[in-house]
Amino acid sequence: MSGKTGGARRDEPVDVLIVGAGPSGAVAARYLAAAGLSVVALEQGHWPDAADFPGRKREFELAAQKRWHPNPNVRDLPRDYPVETSASDINPLMYAAVGGSTTLYAGHWTPFLPSDFRVKTLDGIADDWPFTYEDLLPSLEEIEREVGVSGLPGNPAYPPQRAFPTPPLPIGKAGRKAVEGLDKLGWHWWPGTNAMPSVPYNGLNPCVRRGTCMTGCPEGAKSTVNITFWPHAIRSGARLITGARVREIEVNDQGLATGAVYIDENGRERRQRAAVVIVCANGIGTPRLLLLSKSKRFPDGLANRSGMVGKRLMMHPFSAVLGVFEDELDGWMGPFGQLVESFEFYETDASRGFMRGAKWGAMPGGGPLGVTSFVGSQIFSAGEGGMVEDVWGENLHKLVARRFNHCLVYGIIGEDLPEESNQVVLDPELTDSDGVPAPKLLYKVSQNSHDMLRFHVARCTEAVEAAGAIETVVVHQVRDTGWHLLGSCRMGEDAATSVVDQWGRSHDVPNLYIFDGSTFPTSGGVNPTATIMSVALRQVRRLIAQRHLQEAA
Amino acid sequence: MLLDDASRAKFAAIADRLIPASGKMPAASSASVQHAMLDLALQSRPDLTEDFTRGLAACSADAPSQSINALFREDRTGFNAVNLIAVAAYYMTDEVRDLIGYPGQESPAYDPHETPDYLVDGTLERVVRRGPLYRPTPRG
Ligand SMILES: Cc1cc2nc3c(=O)[nH]c(=O)nc-3n(C[C@H](O)[C@H](O)[C@H](O)COP(=O)(O)OP(=O)(O)OC[C@H]3O[C@@H](n4cnc5c(N)ncnc54)[C@H](O)[C@@H]3O)c2cc1C
Ligand code: SF4
């Protein structure tokens, strides 16, 4: 790599090409550009405009169900690609923009725990990671400073670490209600750690608890890389091209990547050449792109000699428990975000009948329309022959009076174990708006996940009952909850069974890297972005340090 | 999409079947769902225009109960669109929001440096005293 400082002109070869401008791509771009390498990033989406987010508008809840829905198949926007899901128990969720899927994320900041990196050693199942919690910790602490995480230090669920850069957000009345129950039962809880600063920080405004995080934060307070990373990367010379859909990574006769072919906004095909290519397109976009990049040398898809590209997809099947209380809980107030988190049942206890565990995040109940369609499921269904008036009518008033402002919701994120049969493949027919084949998912929720969620639902129910709930509602295995897309290009030291090594470098193509969550050998039972960004930082640091040894086309 | 007066009146009659007056809560039409809030709801969901229009066309202002029940049985998508627009419009009106105590998504002030209750009253201390929960990285 030349190490020439940034500012490359359009289509001029560069040191590093990055595909995808979400958290992982942004970490790569920022540090590479700061190290003096020329960087181009290609992103199919655009820069988000906070003025478009519906959170300040009266019609916020209606817009959340369509234009700002996290399922790209529901949004149906030309910048997204559709995903064929007829053979999947869960719908994948994501967003195409500078900032990637975090444009809509809830900002729960929950790094993987020590046991998550040693599943095989500790529990005799799945796999260990090629590195440990301790190896990753310095990168995590650095990322937390950039992200502006708010939280309280000293959580006994984690080993001691550096304090968070901003104080915790208020847990609010709903959070206090959750604590009441957990305290009575003697169970672990901690004020929620969130990727939302409580004071102005690194270009972010403080979170003002508007509670519309999952349709974009109109306050500029939710930590997303379009605010926290890309401006730094661009100042250091990185070039970010939006509206650019990559359809293939090309290779030369020596089997080295030479760059990528993309379709620009005007539908024109372009080519960006680079010495190194890093794919950061998430657990579905990344295997899709590798499978699209077939050549004589790589007839089964790029970097796929192991046959593992697309396999072992993990999505964290999700259930939720809603507790209804007599007291008013300011149910519409944020963050939305986790008010309180609990790791009481996170670690394996084989006597429960399943392996591994889950983290709970307590959240507010949402607005009046939200309580009529709890987590996307229809609350009312009239039996055949029933009258509409009997189902809606009085019932609607009663339901809103009872639940609106009186709810607390526990979201359960449980570890999804890797299975080769859970896969991303290319659909033979479906394409995106540029005619590029769309991905198809083959995914079944495992028995372990079923059993784990049943157990956790029962414990969450006890937790809301201990807090005095007068009604509980369980939504088991919600379909629209594939927000964590992991594992489909597994990392490992053995080229026969993994796609990349611990530094994200593909075993088959020495100048092709993957820095996103698709490389995760196991999925943890927590929201993954803290770990995705930390792993990307650890990997990019290594790439920079070794750049003089890097083979390139 | 702009509706004429007759369509608005029909929508109001249908919406009243779904959202009748009850206790302190007004019926949909008394909360004026058929005017500005109907327009706002439709504007923010152009994807529902077709189903809503078809659903409403199938309804009759003279037999609102009979026609909304027929719609429910025969065209569930049309029914869902009419129902969602009615319910959303209702909960967007100032009058209804006041009555249920919903100020909309607001940005309440707080002091991030204030010591939270749970640190003062010993609740969090109990969690800390129970000690670490994590399993450390195995050595060797
Ligand atoms: C609704 C929702 C809630 C979530 N909540 C949380 C949470 O509370 N906590 C948490 O830790 N995580 C959460 N997540 C997950 C989090 O958003 C992801 O972990 C994170 O965004 C992953 O970062 P990434 O950079 O690897 O991928 P992404 O953010 O998905 O970015 C990938 C980017 O690549 C682009 N791309 C893909 N293919 C191509 C192509 N062929 N050409 C050009 N560009 C391409 C995409 O447009 C996208 O912008 C949530 C996700 C969703 C959807
Ligand atoms: S709760 Fe905070 S982060 Fe979420 S939308 Fe409101 S201000 Fe933004």
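**Exercise 1. Classify A:Asn405: is this residue buried or exposed?**

Solution. Start with the value: A:Asn405 has 5% relative accessibility. Compare it with the cut-offs: buried means under 20% relative accessible area, exposed over 50%, and partly exposed in between, with a 1.4 Å probe and protein chains only. So A:Asn405 counts as buried. Helices (H or I, at least four residues) and strands (E, at least two) are DSSP runs, numbered from the N terminus. Finally, check the backbone: A:Asn405 is not a glycine, yet its phi is positive, about 75 degrees.

This is a predicted model, in which local features need pLDDT of at least 70, side-chain atom pairs count only at pLDDT 80 or more, and totals for chains, interfaces and linings use all residues. Residues are numbered from 1 along each chain as its sequence is written, chains are lettered from A and ligands numbered from 1 in the order in which they are written, and side-chain values use heavy atoms, leaving out hydrogens and water.

**Exercise 2. Trace the salt bridge between A:Lys173 and A:Asp330.**

Solution. A salt bridge is a side-chain nitrogen of Lys or Arg within 4 Å of a carboxyl oxygen of Asp or Glu. Here the N to O distance is 3.6 Å. The pair links distant parts of the chain, 157 residues apart: A:Lys173 is in helix α6, and A:Asp330 is in the loop between β8 and β9 of chain A. A:Lys173 is partly exposed at 38% relative accessibility, whereas A:Asp330 is buried at 18%.

**Exercise 3. Find how many residues separate B:Glu125 and B:Arg129 in helix α8 of chain B.**

Solution. They are four residues apart, so about one helical turn separates them. Their side chains form a salt bridge at 3.7 Å, N to O. B:Glu125 is partly exposed, at 40%. B:Arg129 is exposed, at 61%. Over all chains, the structure holds 38 salt bridges.

**Exercise 4. Locate the cis peptide bond that ends at A:Pro335.**

Solution. The bond runs from A:Gly334 to A:Pro335, and its omega is near 5 degrees. A:Pro335 lies in the loop between β8 (318–324) and β9 of chain A. A cis bond also joins A:Phe336 and A:Gly337, with omega about 25 degrees. A:Gly337 is in the loop between β8 and β9 too.

**Exercise 5. Which residues have the most contacts inside the largest nonpolar core?**

Solution. A nonpolar core is a set of buried Ala, Val, Leu, Ile, Met, Phe, Trp, Tyr and Cys residues joined through side-chain atoms within 4.5 Å. The largest has 88 residues, and A:Ile18, A:Leu32, A:Trp230 and A:Ile278 have the most contacts inside it. Helix α14 (residues 529–545) of chain A gives the largest share, nine residues.
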